[in-house]
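Hi there,

Here is the structure I promised to pass on. My notes on it follow below.

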Amino acid sequence: MEFDKIDRINEYLENCLWMDFELCNMNGGQIDLYGFLDEAGEDKIKIIFKQPYMVICVFSFTYEGNGTFISLVTGEEAYEINKKYGVIQGNQIFRLTNTNINSDMYIIARELEVDIID
């Protein structure tokens, strides 16, 4: 279930002071978001969004532990996004929090996978 995966991601990031993220692959089949502690280091977390519908975010950003990193958008906010962008039924709206810009980012996709490398 997506809530379990989201909780796993957020719990992992609670133990990190910060994490740099980069969209490393993006196509109609999936979006790969990789997290790492420094540019020379190896990836520490891979978040894969399956069958993406829409992306509203920058390609690389930093998360410094302020607030929840990833969450599902529900309720009135989801309704407004659905109305504005015509989101196809079966997709989920994921909100990503970052430190670089003063706005939330959204990835709309069918499902989420996570791989934490430690």
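A polar atom of the Asn-98 side chain lies 2.8 Å from the backbone nitrogen of Ile-101. The Asn-98 side chain also reaches the backbone nitrogen of Asn-100, at 2.9 Å. For polar contacts I took pairs of N or O atoms within 3.5 Å; within protein, one must be able to donate a hydrogen and the other to accept it, and residues adjacent in sequence count only if both atoms are side-chain atoms.

Before going on, the ground rules: this is a predicted model, where local features need pLDDT of at least 70 and side-chain atom pairs count only at pLDDT 80 or more, while totals for chains, interfaces and linings use all residues. Residues are numbered from 1 along each chain as its sequence is written, and side-chain values use heavy atoms, with hydrogens and water left out.

Asn-98 sits in the loop between strand 6 (92-96) and strand 7 (105-116); strands are DSSP runs of E, at least two residues, numbered from the N terminus. With a relative accessible area of 11%, Asn-98 is buried (under 20%, 1.4 Å probe, protein chains only). Leaving aside neighbours within four places in sequence, Asn-98 is in contact (heavy atoms within 4.5 Å) with Phe-61, Thr-62, Ser-103 and Met-105.

Phe-61 brings us to strand 4, where it is the bridge partner of Phe-21. Strand 1 (residues 19-26) and strand 4 (residues 60-63) pair antiparallel over four bridges; pairing takes at least two bridges found by DSSP. Strand 1 also runs antiparallel to strand 2 (residues 30-36), joined by six bridges, with Asp-20 opposite Phe-36.

Best wishes

Key:
Buried < 20%, exposed > 50% of the residue type's maximum accessible area, 1.4 Å probe, protein only.
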